[in-house]
Amino acid sequence: VRFPEDLEDDNTTFNPEYSHQVFGDDEVAFGYKGLKILLYYIAGNLSTLFRIEYTSKVNEKFDCVEADDVESKIREIIPPGFCTNTDDFVSLLEKEVNFKPFGMLLHTYSVHNEEAGEDITYQIYKADMTCPGFREYHERLQTFLMWFIETASFIDVDDERWNYFLVFEKYNKDGATLFATVGYVTVYNYYVYPDKTRPRVSQMLILPPFQGEGHGAQLLETVHRYYMSSPTVLDITAEDPSENYVKLRDFVLVKLCQDLLCFSPGKLMRGFSEEMVMEAQQKLKINKQHTRRVYEILRLRATDMGDAEQSRSYRLDVKRRLIGPYKKKQRELAKMRRCLRPEELTNQLNLIELNMQHEQLEESFQQLVSDYRRVLERLAQA
């Protein structure tokens, strides 16, 4: 909500992708007809208005069943101090002009908005819990995780090893410049013996009204550039990355790596090398596994897939990596044959897939190439 009229505007409304973490696996609130759970957030500081509406509700006295306590379930995830009536919320909205982003400005960029017919400016900040007011703001911000990340959990903000990177949109209201929350990412700095850290991306969310505009890529690239300059950082990883995050990371890392000498077309055609691993880690804080994906994407760009020899060479190179885990399983199976009785071995055979069939390998390869081509298409448009 930026203006009072947004409260009645369906265009500013968006629905949760998930509600199982609040309402159970069936995602059902029992005992109501026409139930609406309404959560409004002021665009910048995320002050919250919470209301419940329904046309009727089961009655324990007459229906012998009790309706779910929806209010208590929501109160468990939104911090205290929220509004319950519109007038209080609108009066807070008038003070929004005083809200400013937290922490240190790292990056400013603009995105052309077709609807508005102009470029809109965005800024990325790095914050921590020492910033005045940030702790309370973060409590409100993290409530979105429950609705938009499938396995979300709230983090321990008293642990000083967390870093927070936030995206804000700059907009004008009555001649003043205001800021709207776009999204954020949390990063945990793990200790690596003897004197290094390994930042690990934990939770990343771009709010639904801003998705598909490139903010995730801007945010992740800014995070990488922030840590790249630090001699104590070993490499940057991610905790249980989703499929969408992996695609985003592929794009950002390829964009960062494409100008490194070790990824020149001539070197790409000679195969994956230790030089690539070393340079990507030292200069860009990218680990070996991610560097290998970057190599495969950039080699695909340098390969003429219409040329039978080049195409065959690329195919074999990628498939050798894809088949690696299955060869490991075969080695484990060979050990079992030496150690287990026949009936035990039969049980194990049911659990372990002996071979990766040719069709499966080809299917995995084609899917990978399809994903890589999308990364290259996006890179060509960037």
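Visitor: What do the buried residues of helix 5 pack against?

Guide: In this predicted model, they pack against strand 2 (36-41), strand 3 (48-53), strand 6 (118-127), strand 7 (162-173) and strand 8 (176-192).

Visitor: Which residues of helix 5 are called buried, and what makes them so?

Guide: Helix 5 spans residues 134-141, and F134, Y137, H138, R140 and L141 are buried there. The word applies to a residue with under 20% relative accessible area, so these five residues fall below that cut-off.

Visitor: How do you know on which side of helix 5 they lie?

Guide: Look at the arc they cover around the axis: only 160 degrees, which puts them on the same side of helix 5.

Visitor: Why is E239 called partly exposed?

Guide: Its relative accessibility is 38%. Buried would need under 20% and exposed over 50%; 38% lies in between, so E239 counts as partly exposed.

Visitor: Where is E239, and what does the record say about it?

Guide: E239 is in the loop between strand 10 (237-238) and helix 8 (243-257). An unreviewed UniProt entry carries the annotation "active site" for E239. Leaving aside residues up to four places away in sequence, E239 touches R200, V201 and S202.

Visitor: What makes strand 5 and strand 10 the edges of the sheet?

Guide: Six strands form this open sheet, in the order 5-6-7-8-9-10, with mixed pairing. Strand 5 (104-113) and strand 10 each have a single partner strand, so one side of each is left without a neighbour in the sheet.

Visitor: How do you know that strand 7 and strand 8 are paired?

Guide: Pairing requires at least two bridges, and strand 7 and strand 8 have twelve, in the antiparallel sense.

Technical notes:
Residues numbered from 1 in each chain as written. Predicted model: local features only at pLDDT ≥ 70, side-chain atom pairs only at ≥ 80, totals over all residues. Heavy atoms only, no water. Buried < 20%, exposed > 50% of the residue type's maximum accessible area, 1.4 Å probe, protein only. Helix = DSSP H or I, 4+ residues; strand = E, 2+ residues; numbered from the N terminus. Arc of directions from axis to C-beta. Contact = heavy atoms within 4.5 Å. UniProt positions renumbered as here; feature names shortened; annotations may be inferred.
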